[in-house]
Amino acid sequence: MVLKCDVRLRHVFVAYSRKGILMIRTLTACTSEIDDVELAVSEILEQLDMDGLLGNTVGILTCFADFVESETVKAICDALPFCVVGSTTLGNSTRGSVGTMLLTLMVLTSDDVSFSVGLSEPLLSEDPAPLRAAYKSAVAELPEKPVLLVSFAPLLMNVGGDFYVNAFAEISEGIPNFGMISVDHNNDYNEARIFHNGEAYPNRYAFILFSGNVNPRFFMGSISAAKLFHDKGLVTASQGNQLQTVNGRPVIDYLTSLGLTLDVNGTIVGINSFPFIIDYNDGTTPVVRAMFANTPEGYAVCGGDIPVGATLSVGAIDANEIIATTTEALNSALALDNPDCLLMFSCVGRYFSMGYEPLSEMERVRDIMEANSLPYQFTYSGGEICPVYARDDESITNRNHNDTFVICAL
């Protein structure tokens, strides 16, 4: 199901700070034309007010993977006079559009915010050197120290989301890192790509650095307290993303003690519907970890690292819970005083949990955003990168997330 863009409308928005000074002007565009490249380019250009671009401009493009094969992504980027980064996805939305086989573009333009785009060399292992070199090169193009990193990371079997987050935390000296890991519509995600100026890569990391008059705020929706099992456990053994024991017992034994059941293959029934909520016990907001499989030893293979000493809760996720937590997070972001725009990523696990109405989360976001007349871009991701706040102050810690809806309000 795809709702085509209405190309008669110019999706142009201007937002001002409380002092009336323009910070970021946001333009959005979309197309569902995969095979007719010329028509796709003309639709995108028709929706953008190119004469209204300010001194510094950057674009964020997300799309269904077939737009890459048809070379539509390259043609659109070649037609634009600014840098563009982004990712493939299996569902996205912007003003006037919701769909799966869709390309969306968000353009940020400003006189008092600067942008610099970076692209790493291929990532062959968890070696931070390619990320460090790309970051150093991008920083050199900015007039002052960056204050925000927006990331598009490749989906790789041998490189995890926690590596990306931890590496950039060290490289960037801890500036906020917000972004997504690439994904596509295939079962094995073999067409997942990140974009840099029209070129598509399976194993490079693209990003945007922001400097100047920008104050990002971050919001998350995952699992509400009402959907958590009452019992909490202590992580007593783990290795990276393999959760081994909870309260000194193999994690599968711990889960069955809560009432979860095993199928004939020894796998938790409905494994994707029972994510873990991990409290690092360091004063920051807990994060969600999806459980993908279990080992013969009764250990769980998860979508991110789970450190020893963390407190673990088990939650239950379904369509109603997704809509409720997305709505709550979005309303919190909109309660800010005059945000310029919202950039949003949501886990593919949430998409799949919507059952027979897979577009429902995007449709809820569209309805809320259009009621508030605020520009936005929503994209499904293979993993979410978003800072979490300390409970007692405004300090942030960058984290890798699963099964989470994340928002960056600019």
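Is His-401 buried or exposed?

## His-401 and the basis of the model

With a relative accessibility of 1%, His-401 counts as buried, where buried means under 20% relative accessible area, exposed means over 50%, and partly exposed lies in between (1.4 Å probe, protein chains only). This is a predicted model, in which local features need pLDDT of at least 70 and side-chain atom pairs count only at pLDDT 80 or more, while totals for chains, interfaces and linings use all residues. Residues are numbered from 1 along each chain as its sequence is written, and side-chain values use heavy atoms, with hydrogens and water left out.

His-401 is found in strand S27; strands (E, at least two residues) and helices (H or I, at least four residues) are DSSP runs, numbered from the N terminus. The side chain of His-401 reaches the backbone oxygen of Cys-386 at 2.9 Å, and this is judged as a polar contact, a pair of N or O atoms within 3.5 Å of which, within protein, one must be able to donate a hydrogen and the other to accept it, with residues adjacent in sequence counting only if both atoms are side-chain atoms. Leaving aside neighbours within four places in sequence, His-401 is in contact (heavy atoms within 4.5 Å) with several residues, including Met-220, Arg-289, Glu-384 and Cys-386.

Helix H7 covers residues 319-334, and its 16 residues reach 23 Å from the first C-alpha to the last, close to the 22 Å expected, a span that is found as 1.5 Å times one less than the number of residues. At the start of H7, a side-chain oxygen of Asp-318 comes to within 3.3 Å of the backbone nitrogen of Asn-320. Among the buried residues of H7 are Ile-322, Thr-326, Ala-329, Leu-330 and Ala-333. An α-helix has 3.6 residues a turn, so residues three or four places apart point the same way. The buried residues of H7 pack against strands S15 (217-221), S24 (342-347) and S28 (405-409), as well as helices H8 (348-352) and H9 (360-372).

Helix H9 has 13 residues, which should span 18 Å at 1.5 Å a residue, and the 19 Å between its end C-alpha atoms agrees with this. Its buried residues include Met-362, Val-365, Arg-366 and Met-369.

Just after H9, Ser-373 takes a positive phi of about 50°, in a residue other than glycine. The place of Ser-373 is in the loop between H9 and strand S25 (376-381), and at 45% relative accessibility this residue counts as partly exposed.

Asn-197, which is likewise a residue other than glycine, has a positive phi near 50°. Asn-197 lies in the loop between strand S12 (194-196) and strand S13 (199-201), and its relative accessible area of 28% makes it partly exposed.

Ser-110 is found in strand S8, residues 103-110, and is buried, with a relative accessible area of 0%. The side chain of Ser-110 reaches the backbone oxygen of Met-23 at 2.3 Å, and a polar contact of 2.9 Å joins the side chains of Ser-110 and Asp-112. When neighbours within four places in sequence are left aside, the residues in contact with Ser-110 include Ile-24, Leu-54, Asn-56 and Phe-115.

Met-291, in strand S21 (residues 291-294), counts as buried at 1% relative accessibility. Met-291 and Gly-303 are 12 residues apart in sequence and 6.5 Å apart in space, C-alpha to C-alpha. By contrast in setting, Gln-239 lies in strand S16 (residues 233-239) and is exposed, with a relative accessible area of 56%. Between Gln-239 and Pro-307 there are 68 residues in sequence and 7.9 Å in space, C-alpha to C-alpha.

## The largest pocket

The largest pocket has a volume of about 1100 Å³. Of the 41 residues that line it, the closest to its centre are Leu-155, Tyr-189, Phe-292, Gly-303 and Gly-382. On a 1 Å grid over the protein atoms alone, a pocket is an open set of points where a 1.4 Å probe fits, with protein on both sides within 12 Å along at least five of seven lines, and lining residues have an atom within 4 Å of a point. Grid points are joined across faces, edges and corners, and the volume is the space filled by probe spheres set on the points.

Helix H5 (161-171), helix H8 and strand S27 (396-401) each supply at least two residues of this lining, and the largest share, four residues, comes from H5.
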